[in-house]
Each structure stands twice: as structure tokens, then as C-alpha cells.
Amino acid sequence: MSVERRREVVDRRHPSLSIKRQCNLLDISRSGLYYQSKGITEEDLAHMKLIDRQYLQTPFYGARKIAACLKSQGHLVNRKRVRRLMRLMGLKAIYRRPRTSKPAPGHKIYPYLLGGMKITRPNQVWAADITYIPMARGFLYLVAIIDWYSRCVLSWRLSNTLDAGFCVEALEEALRKGSPDIFNTDQGAQFTSETFIGLLEKHDIKVSMDGKGSYNDNLFIERLWRTVKYEEVYLRAYQDGRDAKISLGNYFRFYNSERLHQSHGYRTPAEAYCTTMIETTNGGMVESLTPDPLRIAGPDLKHCPYPVLTMGSTS
């Protein structure tokens with residue numbers, strides 16, 4: 001449970017437990033209960049949108065180079081501000097770093113399992129990642145889970161915090177549609193949490209994690225973010241979380257059921273995902289079962305566990 005959630009649990013009017021005692025039990029600082037955040041200024045929000053666009057173009061740029069780029073465009077911003085905002089947005093420059101530190105105790109890092117592997121069918125590999133979503137006022141975080149082979153978005157969630165809860169909710173929804181052999185993520189705390197890993201292990205799913213700071217290890221979902229940002233997010237100014245949820249829901253339905261992909265012979269991700277390869281035990285025969293394209297968005301598919309995206313919830 002995140003620090004923010006634990007603070008919300010504190011009952012200031014509890015008849016027998018003092019605030020001090022509750023804070024000790026929840027392992028949080030009592031002073032944090034009284035801290036009033038200054039919030040994000042309009043200037044910071046404007047800079048965050050600029051940083052997001054620049055990062056999408058040059059994910060290997062750190063705070064120093066992004067600050068230099070913004071300055072060259074006439075924006076008054078220094079490296080310290082860019083670094084602070086990038087941390088808030090969950091952005092880090094992508095490059096291979098030397099292995100100079102060990103994971104924290106209890107923070108298990110799994111090996112990368114996809115090197116040299118050929119992805120030839122749906123539900124062989126799923127992947128997940130988180131990105132920043134700007135709004136007219138404020139911002140949200142978006143997590144998505146995709147099937148690596150078909151590029152189909154199996155589930156997504158929006159949240160205003162970077163805790164593990166909304167990632168677990170997205171995973172639970174995706175697992176109702178099927179189960180992969182391997183699940184690949186980065187080394188973010190949301191994906192290494194006991195709840196998230198425990199859910200994967202409960203379904204006998206192998207866990208694969210990107211090399212720290214590596215862009216190519218999760219390339220397909222990085223491409224998804226580029227597509228979502230340029231075809232949806234940057235074309236709109238979401239007024240609030242509800243507006244973002246509705247608009248992104250409409251876009252992901254379009255992306256899955258209507259947007260054609262050249263790599264799959266100009267089929268949609270939903271069509272590619274629902275073309276299920278079944279290997280029989282006698283003679284090694286392979287049968288391809290393709291549902292009626294007209295029924296892909298229907299609620300009762302026999303061969304495809306992924307009928308249609310439900311609306312992601314805002315945590």
C-alpha cells in the first residue's frame with residue numbers, strides 16, 4: 001500500500017487509537033498528515049507537456065539535454081526543474097547503465113527472457129508499461145497491458161498516483177481474457193510489488209524484466225505510447241479524469257478493432273489476437289481458428305477470450 005493510501009486510512013476521531021499510534025502501526029510519519037502540498041503550478045504543467053513531447057522524440061535524453069532543447073525553443077527552464085518534473089512524470093533517460101548497485105532487500109529482479117526468442121502466436125508474451133498523460137489541468141498515469149504478438153491492448157487503467165493498485169487492477173482484467181506464457185515489464189516498483197508478482201505466479205506465468213534503462217527490451221509497448229500520444233492524447237485537451245477515461249476508451253476500441261497493422265497483413269490487433277494457433281498432440285498438426293471478423297467486437301466470442309475493451313477506471 002502506498003504512503004498516500006496509508007495516510008487516508010488514519011481515522012482522526014478513532015475512539016481508542018491516537019493518531020500517533022495509528023501512524024506507528026501504518027509506518028508513516030505523523031508530520032506527513034499535516035503537510036499541505038503546494039500543488040502543481042500552471043507553468044509546471046506547461047513544461048511537463050513540453051518535456052513529454054521531447055522525451056517521446058528523444059527518450060535517451062536526460063534532464064540536461066531536455067532542458068537545453070527547451071531553452072533553444074525559447075522556454076525559461078533550468079536543469080533542476082526539468083529533473084524534478086521528470087521524476088514526477090516517472091521519466092528516465094534510456095540507455096544501458098553499468099551494474100553498480102544491487103536491488104533493495106525484498107525487491108526481486110527477474111531476468112530478461114525474450115532475448116533471441118521468436119514471438120509467433122498470441123498469449124506467448126504479454127507486456128506492460130506506464131506513461132504520463134497530460135490534461136488541461138493536472139495529469140494522470142496510464143498503464144496498459146498488450147499482447148506482444150498481435151499488439152492488442154488487453155486492458156488499461158488511469159490513476160493519479162504511481163502506486164501498484166491500478167497496475168494490479170489492469171492485470172486482473174487482462175487475465176480474465178487469457179493467460180500468457182511470459183509477462184514482460186520494466187523494473188518499476190509497481191511491477192515488482194508482491195501483489196503484482198504474486199498474481200503472475202498464481203497463474204504459473206514466467207516473469208521477464210527489461211534490462212534497467214533499456215528501450216528495446218519493451219519496444220512494442222513503447223511504440224504503442226508513441227501511437228497513442230500522436231493519434232489521441234496530443235490532439236485533445238482532457239478537461240479531467242472522466243474526460244480522459246472516455247476519450248481513451250474510445251481510442252483503444254478504435255485501435256484494437258479498426259486500426260490496421262501492416263505487420264499483420266493489414267489486419268486489426270483484435271483480428272490478429274483472435275486468430276488462435278492450436279497445436280494438437282497427435283502428429284503436431286496446427287489448426288488456425290479465425291472468428292468471424294464481424295463478431296470481433298461482440299460480447300460472446302467462442303474462440304477469442306478478448307471481446308472488447310471495457311472502460312478503464314480512474315484510481
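Which residue in S2 stands opposite isoleucine 133? Leucine 140 in S2 does. This is a predicted model, in which local features need pLDDT of at least 70 and side-chain atom pairs count only at pLDDT 80 or more, while totals for chains, interfaces and linings use all residues. Residues are numbered from 1 along each chain as its sequence is written, and side-chain values use heavy atoms, with hydrogens and water left out.

**The sheet**

- Five strands form an open sheet in the order S3-S2-S1-S4-S5, with mixed pairing; strands (E, at least two residues) and helices (H or I, at least four) are DSSP runs numbered from the N terminus.
- The edges are strand S3 (153-159) and strand S5 (206-209), each of which pairs on one side only; two strands pair if DSSP finds at least two bridges between them.
- On average, neighbouring strands of this sheet are turned by 20° against each other, direction ignored.
- Strand S1 (residues 125-134) pairs with strand S2 (residues 139-147) in the antiparallel sense, over 9 bridges.

**Helices on the sheet**

- Helix H7 (residues 165-175) packs on the sheet and touches S1, S2, S3 and strand S4 (182-185); contact means heavy atoms within 4.5 Å.
- The direction of H7 makes about 155° with that of S3; angles run from 0 to 180 degrees between N-to-C directions, and axes are lines fitted to C-alpha atoms, for helices over the stretch in contact.
- H10 also packs on the sheet, where H10 touches S1, S2 and S3, and its direction makes about 35° with that of S1.

**H10 against H11**

- Helix H10 (residues 219-231) packs against H11 at an angle of about 120°, and the two axes are 11 Å apart.
- This angle makes H10 oblique to H11, because angles under 35 degrees count as roughly parallel, over 145 as roughly antiparallel, 65 to 115 as roughly perpendicular and the rest as oblique.
- The contact is made by Leu224, Thr227, Val228 and Glu231 of H10 with Leu248, Tyr251, Phe252, Phe254 and Tyr255 of H11.

**Tyrosine 255**

- Tyrosine 255 lies in helix H11 (residues 241-257).
- Tyrosine 255 has a relative accessible area of 4% and is therefore buried (buried means under 20%, exposed over 50%, partly exposed in between, with a 1.4 Å probe and protein chains only).
- Leaving out residues up to four places away in sequence, tyrosine 255 touches Arg151, Val153, Leu224, Thr227, His261 and Pro269.
- Alanine 270 is 15 residues from tyrosine 255 along the chain, and their C-alpha atoms are separated by 8.8 Å.
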